[in-house]
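Hi,

Here is the structure I promised to pass on.

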Amino acid sequence: MTRSVLRRPLALLAPLLALAAFAAACAPEDTPGALHVVTIDRQIDHVLDRYIERTLDHAEETNARAVLVRVNTPGGELEAMKRIVGRIENAGTPVITWVGPAGAQAVSAGTFVTMAGHIAAMAPNTTIGAATPITATGDDVEGDLGRKVTNDTVAFARGVADLHGRNADWAEDAVREARSATPDEAVELNVVDLVASTEAALLEAVEGREVTLIDGRTFELRLAAAPRVENAPNPYERVLAIVSDPFIVSLLLLIGMIGIGTELFFAPGSFLPGTAGAIALLLAFLGLGTLLPGETALALVGLAAALIVLELFIPTGGIFGAGAAIALAIAVGIWIGGGGTEVGIQRVLTLVLGTIIAVTLLVGAFVGVIAVRYLAPTRKPGEDTSRPEGYQ
């Protein structure tokens, strides 16, 4: 084994350290007593669920005075909506939901995210409601399953409304009859608390109001002089949103199947299609939600270890080494992005070094087993070690 071969794994350090520097630069600011602002401007799914969870955690950890959630969504996944609503209801800081600016909507699943706020508001020329459950293709859910989903959603909707003293009958009609409301109608029907044309007007209107959290604590809102912290999606969440797009998921699945199929049946020994296909399939499973982020990261580390071992024993011109570097960089990126809001340099370097050590141990163990069993087999005591006759 040449020195150049032994030095190949060291090339993995470059992308990992670059990723560490980038992630450390993306660390959010910590401003105690601030008003944290969160924006829902896309379909509700597991990516948005993760974003809301992270930002509310950050607000609680920094003793925020309140969280303002801008809502503009066409709806989305029922289960993701329930998790978001539950997180808002159990928040340790007051949450203000605002359907805005003008022209925004909070329909379908967005209806209940808005109603979950301790204070709910709408801007002029916005809408709320039309929360009848439908399939992913936009069709009605028929039969017993449809009745089951509808009744479950109705019970959930009434619970959200009752918790904040809002109109539970309207919430039920929004599910059963796809009922909607304008801002003025929503205030009159006790669906939301007020109409505010701008964020500044909203903060002025709620100044001095008392909010009671689910644990019984009461807060008086004093937001006029509070510093603002914009909690935008971080790079990991933006990438995860792209990977979760149905078109991108389909593309990744196609690349994965074509790559592995080419490697197995059409061009064995070409290495590149199989390497790319394996990485693409793991990313597709992440986008589909089949694999959780942590599970995907572990699978990528295992794939990287296997590719490093193959690189040590099979001359591929660096294909396996490059694939291992990409897999490790993605795995570390998932761990950094999925581990919470705080991304300090110490934590980043710990993850990078931990990943490198784990891969090194895996490769070392594999090479050790190969060396013991095949390259330098041990002989039993008394075994004849003499050379056979005719040995040259």
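**Salt bridges and the rest**

R176 and E172 sit four residues apart in helix α7, so about one helical turn separates them. (Helices here are DSSP runs of H or I with at least four residues, strands are E runs with at least two, and both are numbered from the N terminus.) The two form a salt bridge, with the closest N and O atoms 2.9 Å apart; the term means a side-chain nitrogen of Lys or Arg within 4 Å of a carboxyl oxygen of Asp or Glu. R176 is partly exposed at 40% relative accessibility, where buried means under 20% relative accessible area, exposed over 50%, and partly exposed in between (1.4 Å probe, protein chains only).

Before I go on: this is a predicted model, so local features need pLDDT of at least 70 and side-chain atom pairs count only at pLDDT 80 or more, while totals for chains, interfaces and linings use all residues. Residues are numbered from 1 along each chain as its sequence is written, and side-chain values use heavy atoms, with hydrogens and water left out.

A search of the whole structure turns up 21 salt bridges. In one of them, R87 pairs with E60, the closest N and O atoms being 2.9 Å apart. R87 lies in helix α4 (residues 78-89) and E60 in helix α3, so this pair ties together parts 27 residues apart in sequence. R87 is buried at 12% relative accessibility, whereas E60 is partly exposed at 29%. Salt bridges with shared partners join E53, D57, E60 and R87 into one network.

R166 and D193 make another salt bridge, with 2.7 Å between the closest N and O atoms. R166 is in the loop between α6 (143-163) and α7 (168-176) and D193 in the loop between α8 and β8, so here too the linked parts are 27 residues apart in sequence. R166 is buried, at 5%, and D193 partly exposed, at 28%.

Most residues other than glycine have a negative phi, and most peptide bonds are trans. What kind of peptide bond joins G100 and P101? A cis one, with omega about 0°; P101 belongs to the loop between β3 (95-99) and β4 (105-107). N63 has a positive phi, near 55°, and is exposed, with a relative accessible area of 58%. For N190, phi is also positive, near 65°, and the residue is partly exposed at 33%.
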